[in-house]
Every structure is written in C-alpha cells, then in structure tokens.
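Me: I would like a close look at one part of this model, with the terms spelled out.
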Amino acid sequence: DRHSLPQLLKNPALLKLNAAMGLRAWTHVALSTLLPLLLISRGNDSVIAGIMLTIFLIGAALGGLIGGFCSDRFGNKTVIVTALTLGIIPTGLFFLLDPGSPLALICLFFCGAGLQAPQPSSLLWAQKLLPGHAGIASGMMMGLSFGLGGIGTAITAAAGDSFGLSPALFFTTIPLALAAAITASIPVTAKE
C-alpha cells in the first residue's frame, strides 16, 4: 500500500498538522536566524549575541526532550497545542524587554522550549496519520515544515528591512497562534 501525492492531499488532518508545524517553524527559524542580527543592531557585540542564541537553543533542546516525555503521558495534540500557546507569551514578551535583562533571558529560554516541544509529538502524530509510511510522515514534519519556516523567515526578514527587525520578529508570534488554532481543529482518533 503506497501513498501517492494525491492520496496525501486527501488527508486533511496530516495537511493541517504540516501547516501548523510550518507556522511553528517560521517562528523558530526566524528567531534562530535573525536574533543575532537583531541583538547586534541594538548595540550588543557578537559574543553576547552568540550567548543569547545559545540560551534560546538550550531551551529548544530541553523543550524537545520535555515535549517528547509529555507526549507519552498526555497525547500529541495536547502537547502541541499547549506548547504553542504557552510559547506565545515568552516569545512576544522577549521583544518588549531590554534584551540584556534577566527576565529577557528567561523569556528567551522558554521561547526556545515552547517552540521545540511540539516537534516530537508532531512526528509521532504524523506517523499515526500515515501508518506504514513513517519516512514520508517524518519528511513532512521535518523537511517540509522547516522549508515552509524558511519561506516565512524570508518574509520576516523583508518586513524587518521595511519597518524594523524587532517589530517584524515580534509579529512572528502570530504564526504561533495560528499553529495552535490549526492544531486544535484537528480531530483525534485515540490518544493523540
């Protein structure tokens, strides 16, 4: 039993999940790509920008581990919607704070955690939506969603050139909210 592209396009739950993870990746890729540039433009040196990016990435790594642990206990959909929704707060708050403040560093850490926590659950859920085709499901959640995130990052960078990088990055909280809403609309079959 093989899945052709037309068959994949007839799987609305999988397409919604992929769209949600693409929106999540938009925020993640935009922050990891443009954060150092933003910090340097605000007068920080490259070492400080690198340290702050590291804080974001450590939060992301731990978020992925915690998200994977929680998906086994609470279900994939619950973890994805909760992490995306909770991730909006520290992501948006970071851009309203002085980037060198302790609260901004804490927000940056939790921003990374909230953005990466849904990733393991999305892989597992996609594999359940495409039984027997774990490779295609994983490719959609990893490759395609990050590709979509890269396109979103290009939009954010262009917006940053037009009206400032900080507001452009602040508005990447909107894709997070959309991703949470799309994921919440996906019906579940069993504990997903």
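What is the volume of the largest pocket?

Reply: The model is predicted, so local features need pLDDT of at least 70 and side-chain atom pairs count only at pLDDT 80 or more, while totals for chains, interfaces and linings use all residues. Residues are numbered from 1 along each chain as its sequence is written, and side-chain values use heavy atoms, without hydrogens or water.

The volume of the largest pocket is about 340 Å³, taken as the space filled by probe spheres set on the grid points. A pocket here is an open set of points on a 1 Å grid where a 1.4 Å probe fits, with protein on both sides within 12 Å along at least five of seven lines. Its lining comprises 19 residues, each with an atom within 4 Å of a point. Ile66, Ala83, Leu86, Gly114 and Ala117 lie nearest the centre of the pocket. Two or more lining residues come from each of helices H3 (46-74), H4 (76-94) and H5 (102-116), helices being DSSP runs (H or I) of at least four residues. H4 gives the most, with eight residues. By class, the lining has 13 nonpolar and six polar residues and no charged ones; Gly counts as polar.

The contact (heavy atoms within 4.5 Å) includes Leu123 and Ala126 of H6 and Met141 and Phe146 of H7. By class, this contact has seven nonpolar, four polar and no charged residues.
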